[in-house]
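Reader: I would like a close look at a single part of this model, the side of one chain that touches the other. Please set it beside the strands and helices around it in the account.

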Amino acid sequence: MEAVERIEKPSRLKRVGLWRSLLMFLSIVGPGMITANIDNDAGGIATYSLAGSQFGFAFLWLLIPVTIALIVVQEMCVRMGVITGKGLADLIREQFGVRITLFVMVSLLVTNLFTTVAEFAGVAASADVLHASFPIFIFSRYFAVMAAAIFVSLLVLRGNYKSVEKVFLLACLVYVTYIISGLLAKPDWPVVIHQTVVPTFSWTSAYLAMFIGVIGTTIAPWMQFYIQSSVVEKGVKPRELRFSQADVVVGSFITDIVAYFIIVACGATLFIHHINVTDAGQAALALEPLAGKYAGILFAIGLLNASLFAASVLPLSTSYSVCEAFGFASGIDKRFPDAPIFYGLYLGIIVFGALPVLTPGAPLLTIIFWSQVVSGMLLPVVIISMLRLVNNRRLMGEHVNSPTFNLIAWATAVGLIAVTALYLVVTIYHIGS
Amino acid sequence: MELREAFASELSGRPVELLTGTQRSRIGRIDDIAVAGSERFPPVVGLYVKGNDGVVRYAPFSTIVSITDREVTLNAPPLEGSNAPVAIDELLLQKELLDKQIVDVDGHKVVRVNDVKLAPAGDHLRVIAADIGLPGLLRRLGLRHLGDRMLSRMPKVGVGASLISWDAVQPLGLEEPGGALRLRVPQDKIDRIHPADLASIIEELSTSDQASLIGSLDEETAADALEQLPVDTQLSILEDLHPDRAADIIENMTPDDAADLLGEIDSDKQQEILERMEPQEAQDVRELLSHPEETAGGLMTTEYLWLPPGLTVAEAFEHIRKAAEDAELVYYVYVLDPQEHILGVVSLRELIKAEPGAKVADIAIDDVVTVELQTPREEVATTIARYDFVAVPVVDADGRMQGIVTVDDIIDVLLPEKMRKMLPRVGKSRSKARLARHDARSTQ
């Protein structure tokens with residue numbers, strides 16, 4: 001009797017297990033996917049486009065280690081969020097005290113502010129491209145940026161963000177156009193494959209900056225805070241951890257496949273013809289194999305969606321993180337006088353994010369690119385803080401990092417610091433350029 | 001013993017000197033401060049000193065000669081780790097309090113400790129306040145004078161104050177990952193908070209802190225607070241609680257609320273909790289769980305007032321007085337025969353109006369409107385609406401009384417989700433009584 005029962009039970013559980021697992025996965029999935037799509041924001045599109053157009057397929061190999069690093073770093077945040085039930089800013093404050101928290105938060109604020117500038121620059125750039133085809137007022141750069149700032153603020157502060165989130169996500173399907181474009185452009189596939197698996201390196205200032213930028217735009221510091229908070233808010237339990245991990249892996253693959261094809265498309269169209277990309281209109285040409293004369297419009301739509309999506313999430317996430325760290329009242333359910341620092345920060349980021357873009361003659365692509373380089377330079381601060389937390393047995397119990405994860409995370413941080421140092425040396429002493 | 005006011009952040013790292021005779025020698029720095037956490041204003045019981053050799057040792061309070069702005073002086077060397085006594089309620093200021101979240105009982109919110117203020121009182125140095133505002137942050141950053149200037153300009157108490165008195169502070173129980181409670185701090189301060197405010201505090205906490213706070217409250221308060229929380233939070237907390245604790249708390253909820261809650265969690269956990277509940281309570285809940293949610297059986301409560309036949313009004317009141325504590329609704333009283341068939345129903349109003357000597361049978365209504373266990377909820381609703389009832393009795397196929405469906409439960413069913421959450425609760429006499437006691441206690 002017992003033996004029969006024992007045999008029967010597991011198989012019954014397994015059948016239920018599969019269904020239940022699928023349902024659980026679908027209900028938990030989200031943070032990884034959303035973060036992945038926001039990852040391809042204005043900064044991403046611009047940086048990958050420049051990488052492809054200026055260096056051809058030379059950066060394709062980098063995407064493989066970067067994807068691995070992205071998965072590792074994000075998984076660490078997800079694991080911390082699920083096991084401790086607290087956000088990253090919260091943990092940093094609790095474990096490291098006020099001084100270190102200040103340092104990390106200032107770094108975060110700087111990179112997030114620059115990235116917000118990049119998003120508004122993305123709005124402006126897409127407006128420029130649309131303006132070229134439709135010279136009407138609403139596509140004037142200045143109107144578009146101000147409208148975007150107001151739209152995003154209202155969306156978030158009125159609390160309607162959740163309903164619009166789905167629209168943003170759906171619109172991210174536009175990125176598929178890069179994949180198709182890349183294939184249609186008929187690049188020299190043997191070369192592409194070769195550049196994907198064989199690393200190359202260069203000591204020039206431009207190359208090093210791009211190196212840092214690619215990493216900085218893919219593994220953005222703000223993403224770590226955002227994904228940990230998302231997972232905490234969702235209330236994911238330790239036994240559901242593997243679903244969140246799967247969510248992260250899938251999301252990271254999606255984001256980097258898109259990045260890959262942006263580089264391929266730009267490499268195959270722009271680099272081949274030695275087109276030096278200085279504005280978004282030229283970057284749009286990468287979509288010509290697919291869209292012909294509509295390449296510009298397609299590109300602009302994708303860029304606009306990406307920029308608005310990120311601009312809705314980023315400033316709010318930053319305000320939450322900072323208030324969480326210092327114990328200031330926060331939350332959009334509170335009225336302005338009850339949470340002055342929270343709202344002040346939020347509006348400040350929006351205003352100071354939009355202002356630089358509104359100055360006449362602002363070089364948009366340059367701004368966007370360099371914001372991502374700054375992100376890359378400050379990323380080690382966040383990674384190292386995370387490593388100290390995720391290896392703390394008192395916090396994480398048996399869920400501390402495995403040696404492999406530690407190795408990958410440390411390698412990423414150290415690598416970035418090394419390349420940053422190298423870049424500064426090369427640039428200051430004008431070596432080899 | 002020479003003591004003076006100090007902030008915990010300033011004491012950390014302060015040099016420690018040993019006084020032997022007239023000789024002073026520097027032996028290390030303060031690593032942490034241990035206080036007796038269970039007292040109202042916790043006194044310092046000892047200091048952890050990091051010696052020049054890097055080893056941390058314990059100096060009991062009795063060995064402290066003086067604490068000045070520049071150094072701490074001891075008259076005996078600190079003890080090695082193995083010899084140091086550790087009290088069960090020992091709270092470490094640096095490691096366990098600074099930068100952590102606590103509940104501000106008077107302000108009804110969750111705040112973060114930026115600093116802790118200590119002051120001499122009698123022969124002791126006691127924790128008297130937590131600094132939760134900007135001055136505290138500035139002090140931690142080394143900008144002490146700026147912080148002090150700011151502090152002098154801020155209100156001393158109430159909204160906007162930077163310092164909150166320690167007896168309004170509730171540290172959260174400290175947990176190891178995996179849920180073992182390392183330190184259970186007495187929760188008497190929390191009991192002063194109205195359950196609805198408690199619920200909003202709980203919602204601000206991280207998920208692990210939520211369960212630990214609910215778990216350390218007394219069962220009645222925990223049940224009250226749990227009832228006020230949204231379903232998702234309730235489920236999340238229940239999952240994190242130990243089944244024993246969960247059972248204790250759920251026993252204190254009304255059976256229909258308990259059934260609603262338990263109905264949502266998966267059956268393994270449900271069973272675990274039911275098994276640990278008091279048999280009678282568990283039986284009631286199981287009974288309710290056995291009926292589908294959308295029927296009268298799934299909505300009803302088993303805690304109603306009833307009387308045996310043949311009583312006078314005065315005897316009826318005696319009976320009611322004893323049973324009223326546990327009843328969900330006191331407005332209708334049902335007269336039942338020994339087989340639990342309904343002979344009649346009488347309202348409280350009628351009982352109050354009648355003479356004490358009158359017979360209940362004379363004033364009760366014997367044509368009683370009932371619904372059956374499997375009656376769909378929409379029909380229950382129309383019945384209640386049609387007759388303007390506050391509650392309708394539920395009978396089984398043989399006409400025996402099983403329970404009552406109260407009007408608030410049926411309204412919950414009919415209104416759209418969003419509106420439902422905004423409604424106050426009616427007829428939950430148990431909670432209401434407790435809430436009334438809370439109000440009475442807080443005005444004392």
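Author: What follows begins with the contact between the chains and then turns to other parts of each chain.

The model is predicted. In it, 17 residues of chain B are in contact with 18 residues of chain A. On the chain B side, the elements that give two or more residues are strand 10 (109-112), helix 3 (134-140), helix 6 (207-216) and helix 8 (231-240) of chain B. Helix 8 of chain B gives the most to this side, with 3 residues. Sorted by class, the side of chain B that touches chain A has 5 nonpolar, 6 polar and 6 charged residues.

Two of the elements named above, helix 6 of chain B and helix 8 of chain B, also pack against each other, at an angle of about 75° and with their axes 9 Å apart. Angles of 65 to 115 degrees count as roughly perpendicular, and helix 6 of chain B and helix 8 of chain B are therefore roughly perpendicular to each other. Helix 6 of chain B brings B:Thr207, B:Ser208, B:Gln210, B:Ala211 and B:Ile214 to this contact, while helix 8 of chain B brings B:Thr233, B:Ser236, B:Ile237 and B:Asp240. By class, the contact of helix 6 of chain B with helix 8 of chain B has 3 nonpolar, 5 polar and 1 charged residues.

Elsewhere in chain B, strand 3 (residues 23-36) is paired with several strands. Strand 2 (residues 15-20) of chain B is joined to strand 3 of chain B by 6 bridges, and the two run antiparallel. In this pair B:Leu19 stands opposite B:Arg24. Strand 2 and strand 3 of chain B form a hairpin with 2 residues between them, and B:Gly21 in the turn has a positive phi of about 70°. Strand 3 of chain B also runs antiparallel to strand 4 (residues 44-51) of chain B, with 7 bridges between them; here B:Gly28 stands opposite B:Gly51. A further 3 bridges join strand 3 of chain B to strand 8 (residues 90-92) of chain B, again antiparallel, and B:Ala34 stands opposite B:Leu92 of strand 8.

Strand 18 (residues 329-336) and strand 19 of chain B run antiparallel and are joined by 5 bridges; in strand 19, B:Val346 is the bridge partner of B:Val333.

Helix 4 (residues 60-84) of chain A has 25 residues, which at 1.5 Å a residue should span 36 Å; its end C-alpha atoms are 37 Å apart, which agrees. Helix 4 of chain A is mostly covered, with 21 of its 25 residues buried. A:Gly85 follows helix 4 of chain A and has a positive phi, near 70°. For helix 12 (residues 241-271) of chain A, the 31 residues should span 45 Å at 1.5 Å a residue, and the 43 Å between its end C-alpha atoms agrees. Helix 12 of chain A is also mostly covered, as 22 of its 31 residues are buried.

Methods:
Residues numbered from 1 in each chain as written. Chains lettered and ligands numbered in written order. Predicted model: local features only at pLDDT ≥ 70, side-chain atom pairs only at ≥ 80, totals over all residues. Helix = DSSP H or I, 4+ residues; strand = E, 2+ residues; numbered from the N terminus. Expected span 1.5 Å × (residues − 1). Buried ≥ 20, exposed ≤ 12 C-beta atoms within 10 Å, placed from the backbone. Pairing = 2+ DSSP bridges. Contact = placed C-beta atoms within 7 Å. Nonpolar A, V, L, I, M, F, W, Y, C, P; charged D, E, K, R; others polar. Axes fitted to C-alpha atoms, helices over the stretch in contact; angles between N-to-C directions. Parallel < 35°, antiparallel > 145°, perpendicular 65-115°, else oblique.
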